[in-house]
Amino acid sequence: MRELAERALDTATAAGATYADCRIVNRRIQMVSAKNGSIARIELYEDEGLGVRVIAGGSWGFAACSRLDGAGVDASAARAVRIARAGARLNSVPVRLAPVAPVTAEYRTPVGRDPFSVPLDEKVALLLAVDAGMARVAPVAVREASLEVSEEHRLFVSSEGSRIDQTIVESGAGFDAIATSADEVQTRSYPNSFGRHQLCAGWEAIEEMRLAENAERIAEEAAMLLTAEPCPVGMMTVILDGTQAALQVHESCGHPTELDRVFGSEAAFAGTSFLTPELVGSFRYGSEAVTITADATTPGGLGTFGWDDEGVPAQRTVLVDQGVFRGYMSSRETAALLDGASSGAMRADGWSRIPLIRMTNVNLLPGTSSLEEMIATTEEGVYLETNRSWSIDDRRLNFQFGTQNGWLIRGGKRAGLVRNPLYRGVTPDFWRSCDAVAGPAEWQMWGVVNCGKGQPGQLMHVGHGAAPCRFQRVSVGPA
Amino acid sequence: MRSAEETLAIAGEVLDAVPAGEAEVTVVETDSALTRFAANTIHQNVAETELTVRLRLVHEGRTGVAEVRGVEADLPSRLVTAADGARRLTPPAPAAPRLPRPDRRPDQPAAYAAATAAASPEQRADMVGRICGIASRRKLAAYGACETTTSRRSIASTTGLRRSASTTRCSLTVVVRGDDGAGYADRHGADIDAMDAEALGLEAVDTCERNQHATAIDPGVFEVVLAPYAVAEMIAYLSWMGFSALARQEGRSFMRPGERLMDAGVSIVDDATAPNLHPFPFDWEGVSSLPVTLVENGVCAGFVYDTPTAALDGVASTGHALPMPNTAGPLARNLALAAGSGSREDLVAGVRRGLYVTRFWYVRAVHELRTVITGMTREGTFRIVDGRLGAPVRDLRFTQSIVDALGGVAGISRERALEHGDNGVVLAPALHLLRFAFTS
């Protein structure tokens with residue numbers, strides 16, 4: 001493979017590219033799902049191809065193909081250069097890249113038990129046990145459980161001399177219990193919604209989820225939600241569980257600190273950002289309880305790797321320090337516009353897409369409180385668990401989230417389940433109202449496997465370390 | 001790009017390697033390119049070709065699936081070994097699945113234009129250049145993308161099914177930004193030569209120039225006129241939330257057969273054979289996609305089916321399967337909301353105090369059974385005062401039941417626009433709705 005990648009660089013530079021890199025990616029995925037007592041699908045997926053990215057005439061070009069032979073490589077390299085030259089017709093300012101030291105290196109996700117070595121029948125038995133647990137709760141009409149394990153080999157070579165081999169292993173699983181009545185449908189998911197929770201780890205990550213042990217409890221919550229009181233309306237204290245805190249960080253801090261959004265690269269699609277460069281170092285983004293980092297070295301995170309897809313080493317960047325906005329996730333191109341160095345956040349969805357600035361692991365650092373302490377010191381509010389819906393404007397300010405369930409809090413105690421909760425706010429106002437974050441004992445890595453960005457669309461797996469956290473004077477109501 | 005014969009030959013080689021049972025092979029080849037621009041310059045410019053082959057193997061009541069993208073070495077044995085290995089570990093299904101037989105219907109034409117298949121990076125750059133030129137001459141900045149895609153889907157099975165069709169698509173989207181506000185426009189179709197880049201650029205520029213220095217208004221319930229961009233998003237969400245037979249079978253759909261759901265002026269069909277709905281002749285099981293009336297004069301009229309949901313209801317599949325097997329069920333992907341009689345200006349003229357919304361953004365389902373969605377307005381929200389478009393307003397969040405909104409339709413435009421989304425196409429008119437809830 002390395003010879004093919006080198007050939008792509010040679011072909012591109014011979015055609016006039018002033019910079020070229022080539023990624024050859026092989027990915028295999030095993031997916032198992034169960035639905036209503038039977039195995040719905042066992043699917044094995046394999047994917048291999050190459051992408052050539054060049055600068056020619058001062059502009060970017062990229063071409064990818066799934067044909068891994070000399071002819072496929074030559075055609076892709078030549079196509080990338082032709083595309084770049086076509087784009088150069090409109091461009092008056094040539095692309096400039098922040099420097100990075102060339103490296104020859106390898107990285108592999110630390111794995112306890114290779115998830116592909118786990119027999120398929122063990123995976124089938126796990127999902128059927130989860131299904132059986134949910135089936136003990138009568139109003140649950142639809143039961144779905146699934147797991148997915150993947151291994152991705154990435155070879156990156158560049159005309160600047162980098163040669164990087166990486167192997168990323170992921171393991172994920174989860175389940176949904178859907179309860180129905182004549183006038184209501186309620187879903188409860190575990191450990192996270194939208195299919196599964198996932199980590200860069202081996203089979204041990206799935207074992208630690210204790211899926212079967214939680215199946216009946218979660219199904220019972222779905223059934224209880226059918227007749228639970230609607231979420232109350234008003235301004236009140238909100239406590240988010242770790243999964244919802246992770247998504248809140250993702251949408252309201254992760255995306256607006258992507259530097260390509262600031263420079264307008266996503267203006268026609270994903271949007272821009274309210275966090276403009278003149279705010280760095282002075283803007284009060286949140287309360288002093290709020291420190292957020294982008295850290296591609298966090299163990300287990302879906303944004304953990306050795307080098308990004310431009311060959312920049314994994315690193316930790318402070319985005320918000322005790323409430324003050326401090327910096328961005330960046331690429332070599334965007335960092336150069338600020339005369340800085342890349343933060344190593346360029347990631348591509350496989351071989352067929354260009355790298356974009358993507359979240360690595362955007363972590364809300366642990367505080368000193370605990371969930372029980374937060375509840376005990378809340379007079380009136382709601383504790384919200386597990387995301388159900390999410391929406392935020394194109395500058396990442398006006399948001400509204402729904403969760404699968406809420407617990408009413410009165411007088412420092414849980415006072416019952418409430419259904420269809422929504423909360424809404426404006427990003428800096430919301431984070432400035434954060435008065436407590438739980439400590440390390442309740443802090444864990446969460447995985448988001450459906451982060452969309454770019455045209456053509458890319459789905460990225462990103463990580464978020466988070467713990468339960470509390471916010472004051474939040475607008476809450478029922479869906 | 002490979003021909004029908006070549007892709008079906010690949011499928012045939014895989015089928016020949018299947019030792020026993022029923023098998024279905026799907027071959028998809030795609031060649032796509034996208035030129036993306038920001039601030040009147042091209043900043044991302046990409047192309048890709050890929051071949052994906054998928055095998056579904058059913059034997060002794062057990063199903064196994066394997067899919068390969070890009071790996072062409074030892075393809076038949078690689079796929080068969082993987083799928084059969086998965087199949088052997090799958091417990092037998094309570095009702096043994098069967099693959100569809102050929103339905104013998106003639107292929108309807110697919111949306112295809114040779115000009116799109118042959119589009120070059122220079123051609124895309126020229127189109128982008130025309131849009132950026134219009135913007136820069138008005139001292140504005142254009143952002144967007146020009147995408148061309150050609151793909152072929154071929155399906156063959158041991159039941160005798162052999163189908164292949166090729167389709168093209170060209171999409172142009174643009175946001176034009178000024179000092180304090182922006183405008184949006186898009187066009188989608190099979191034929192790049194039918195794309196009017198100048199008209200698109202002028203539309204976005206016009207909206208941008210009218211949408212400068214918007215002022216904030218308090219949220220509340222407003223009478224609205226929604227442009228087709230916004231209406232299409234609502235209809236696509238209805239499809240996702242309840243037009244599938246599986247959603248009804250599982251008690252998750254808002255659709256109740258025979259019941260009036262919406263205003264009598266609302267009729268929605270799914271028709272993958274209609275020339276104006278980006279047609280494609282068959283679904284992911286190789287079953288002919290048939291027209292289905294989903295809502296007729298406001299009354300729930302029908303659902304879309306794949307083979308498993310059709311078997312459960314004792315009817316024939318309507319040809320709306322996604323890649324099998326799946327837990328999502330069938331999906332209506334070629335939707336049209338029936339046109340009305342007036343112009344968009346007529347709809348605006350019918351509003352004394354209200355809002356005009358160009359497009360929605362970041363729409364998500366809040367409560368599927370009640371069809372409640374939330375999202376933001378974006379790039380062109382205006383007051384309507386005494387039947388005329390007025391000053392721009394800052395973007396607002398809405399949280400609204402779609403079915404409730406379509407229960408108060410005061411007008412439907414005769415002009416419709418074709419919108420492409422992640423899950424298919426929607427042909428949508430503009431709508432005048434009596435009540436629409438903006439929540440923050």
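Modeller: Happy to! Let's start where strand β11 (residues 292–295) of chain A meets β16(A): the two pair in the antiparallel sense over three bridges. In that pairing, Ile292(A) stands opposite Leu364(A) in β16(A). Please keep in mind that this is a predicted model.

Stepping back, this pair belongs to an open sheet of four strands in chain A, with antiparallel pairing and the order β13-β12-β11-β16. The edges are taken by β13 (324–325) and β16 (362–364) of chain A; each has a single partner strand, so one side of each is left without a neighbour in the sheet. Across β11, β12 (316–321) and β16 of chain A lies helix α6 (residues 242–254) of chain A, which runs at about 120° to β16(A).

As for Val52(A), if we leave aside its neighbours within four places in sequence, its contacts include Ala8(A), Ala12(A), Cys22(A), Phe62(A) and Ala80(A).

Next comes the meeting of the two chains, where 61 residues of chain A are in contact with 67 residues of chain B. On the chain A side, strand β2 (residues 38–56) gives the most, with twelve residues. By class, that side has 27 nonpolar, 19 polar and 15 charged residues. There is strand pairing between the chains too: β2(A) and strand β3 (residues 62–69) of chain B pair in the parallel sense over five bridges. Here Tyr45(A) stands opposite Glu67(B) in β3(B).

Finally, chain B itself. Its domain assignment gives domain 1 (4–208) and domain 2 (214–438), and the C-alpha centres of these two domains of chain B lie 24 Å apart. Their contact takes 31 residues from domain 1 of chain B and 28 residues from domain 2 of chain B. On the domain 1 side, the elements that give two or more residues are β2 (41–59), β3, β4 (141–157), β5 (162–178) and β6 (181–189) of chain B. By class, that side of domain 1 of chain B has 13 nonpolar, eleven polar and seven charged residues.

Key: Residues are numbered from 1 along each chain as its sequence is written. Chains are lettered from A and ligands numbered from 1 in the order in which they are written. This is a predicted model: local features need pLDDT of at least 70, side-chain atom pairs count only at pLDDT 80 or more; totals for chains, interfaces and linings use all residues. Two residues are in contact if their C-beta atoms, placed from the backbone, lie within 7 Å. Ala, Val, Leu, Ile, Met, Phe, Trp, Tyr, Cys and Pro count as nonpolar, Asp, Glu, Lys and Arg as charged, and the others, Gly among them, as polar. Two strands pair if DSSP finds at least two bridges between them. Axes are lines fitted to C-alpha atoms, for helices over the stretch in contact, and angles run from 0 to 180 degrees between N-to-C directions. Domain bounds come from an automatic or database domain assignment.
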